[in-house]
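The points can be checked against the coordinates.

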Amino acid sequence: MTNNNSGSKNEEEVGSYFLEVARGAHKKKEEEMEEDTEDDESPTELNTINSSGGFLVVSTDKISVKYPSVNLHGHDVGVVQANKPAPVKRLVYYFEIYVKDSGAKGQIAIGFTPDNFKMRRQPGWEPHSFGYHGDDGMLYRGQGKGEAFGPTYTANDIVGAGINYASHEFFFTKNGAVVGTVYNDVKGSLFPTIAVHSQNEEVHVNFGQKPFAFDLEDFEKQERMKQQMTVEKISLPPNVSHGIVRSYLLHYGYEETLNSFDMASKTTVPPVHIAQENGFDEQDIMYALNERKTLRQLIKNGEIDAALGKLHDWYPQIVQDDKSATCFLLHCQKFIELVRVGALEEAVKYGRIQLAKFFGLAGFEDFVQDCVALLAYEQPQESSVGYLLEDSQREVVADAVNAMILSMNPNLKDSHGCLQSCLERLLRQLTACCLERRSLNGDQGEAFYLHRVLNIGKKC
């Protein structure tokens, strides 16, 4: 089997790419763990520092307020914001108030206001603020004039306010039912806000410390269903997904699965052809399918010596440079496999011969150090370098060898196509589009993490 003229350049590019993938595996896992626990902080109590303190009294637990005196002027409003702005890295944010006493006039309001809001004004009376008022049931959004919105509310009512980041709307509820929605054109931080404005008005706030009257979980579920229905309305040729899956199986050498897939699809899917003008040529990834399947299976089974032997027989040009990135990954994996089975003395000997040559070489040293560090732990799988013992590390090495063989194709048209399948390139594009869309929305709404989406699919 012969190499093409640009083989050495392709080999260098492919090897370097997968070396970066291997080096980034630990960092990626750490980032995913951080993403799973990451969430911008939610409000927990009322802010007693930034409030119109002269006109209201906040309880010691900071979750209820009362207007004790008689208001003399329209600007004698008792306003208080939450201690933190509404979190934005989610689908929906929501909070509620319980009206314990509607006081003399029931001039209670709930809504959202910016950080620089004038704390002697009702929410909705100033720019970039929104408020649903209890005495008249009107919605105020940025000016003193209200608009017909919903019913009034009084003592013993539970009223809620929320931000739906998916639909870019504020919504308000009364006693567990949605009253109405209004478009949210504010991109900056907004604070949950309540106001009282007549004698003896008293309100208790629920930031989620106890169950809401409104079924927020069901509301979010319905919102996700709306999003899914929007996606499902997009018209695509019935055989597109079939072609993408087939190209994935071809790219990674899953020959037996591919044959079963083709057999099952014969009577259900029309013939599939992915347009070459979209950067795909099936002949590029049909190359050496059986050999790639064999090598992948050997590496996934941890049989690195056998894989190296096959490469020497079939593709000697891949392993002729013993200091190439591909050889480096294979030697590291051999060392890892020895540690995996507890052959530590043999691992030390192998490391001194095969890994020592990479010490001091830029791009290799940090990964070598991680491999060698496995020897320092009684239970290396639970250590900071335990990621090396996971099956995903074998996959990285198998993918590197697979890509190297694809790059040997003398008729190769797209050298970058060796690195990733069409499906993976499509997912990268999806991620980029989701990030861009969120950026255009002022970084509001759920952050997109591809691994979460894929894990949801596995659970289903």
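**Notes on side-chain contacts**

1. Asp 322 counts as partly exposed, at 29% relative accessibility (buried means under 20% relative accessible area, exposed over 50%, partly exposed in between; 1.4 Å probe, protein chains only). Its side chain meets that of Lys 357 in a salt bridge, 2.4 Å from N to O (a side-chain nitrogen of Lys or Arg within 4 Å of a carboxyl oxygen of Asp or Glu). Asp 322 lies in the loop between α8 (316–319) and α9, and Lys 357 in the loop between α10 (344–355) and α11 (365–373), so the pair ties together parts 35 residues apart in sequence. Helices are DSSP runs (H or I, at least four residues), numbered from the N terminus.

2. This is a predicted model: local features need pLDDT of at least 70, side-chain atom pairs count only at pLDDT 80 or more, and totals for chains, interfaces and linings use all residues. Residues are numbered from 1 along each chain as its sequence is written, and side-chain values use heavy atoms, with hydrogens and water left out.

3. The whole structure has 19 salt bridges. One of them joins Asp 305 and Lys 334, with the closest N and O atoms 2.9 Å apart. Asp 305 lies in helix α7 (residues 304–314) and Lys 334 in helix α9 (residues 325–340), so this pair ties together parts 29 residues apart in sequence. Lys 334 is buried, at 14% relative accessible area.

4. Glu 223 and Lys 226 form a salt bridge of 3.9 Å, N to O. Both residues lie in helix α2, three residues apart. Glu 223 is buried at 8%, whereas Lys 226 is exposed at 51%.

Methods. Helix = DSSP H or I, 4+ residues; strand = E, 2+ residues; numbered from the N terminus.
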